[in-house]
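Colleague: I have a chain to go through with you. Please put it on screen, and I will ask as we go.

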Amino acid sequence: MTEPKFDELVHAPTRLSIVSLLAAAEWADFKFLRDTVGTSDSALSKQLTTLEDAGYVEIHKHFVGKRPRTSARLTDAGRAAFDGHVAALQEIVARAGATVLPR
């Protein structure tokens, strides 16, 4: 069982969206993240850098032909932070007598 731990870094809405997408994938393309989260290139880049600096995300830059490509993945530390944060949110919701699962 995951230890519930609220994580302020993960909790920010854009970062939570990014981390939740990365939790469901091995690697995710920058363009996919940008379009799915609905943010600009610069805003996504800043959030990914913040997550990378925390050790939560690994960034891979490469070329496909002559075009640069950036991909990201969740690290083990990022996975642990996300899982702990989700567990903490579930505890908060449960205290209110609610559930996060559909009925």
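Colleague: What does the accessible surface of the chain come to, and what share belongs to carbon and sulfur atoms?

Modeller: This is a predicted model: local features need pLDDT of at least 70, side-chain atom pairs need 80 or more, and totals for chains, interfaces and linings use all residues. Residues are numbered from 1 along each chain as its sequence is written, and side-chain values use heavy atoms, without hydrogens or water. Areas come from the Shrake-Rupley method with a 1.4 Å probe, with only the protein chains shown as cover for residues. The surface is about 6700 Å², and the carbon and sulfur share is 53%.

Colleague: How many helices and strands does the chain have?

Modeller: Both are DSSP runs, numbered from the N terminus: helices are H or I with at least four residues, strands E with at least two. The order is α-α-β-α-α-β-β-α. That comes to 5 helices and 3 strands.

Colleague: What does helix 5 reach from its first C-alpha to its last?

Modeller: Helix 5 covers residues 76-95, which is 20 residues. The expected span is 1.5 Å times one less than the number of residues.

Colleague: Which elements do the buried residues of helix 5 pack against?

Modeller: Buried means under 20% relative accessible area, with exposed over 50% and partly exposed in between (1.4 Å probe, protein chains only). The buried residues include Phe-82 and His-85. With contact as heavy atoms within 4.5 Å, the partners are helix 1 (8-11), helix 2 (13-23) and strand 3 (67-74).

Colleague: Which residue with positive phi follows helix 5?

Modeller: Its phi is near 80°. The residue is Gly-97.
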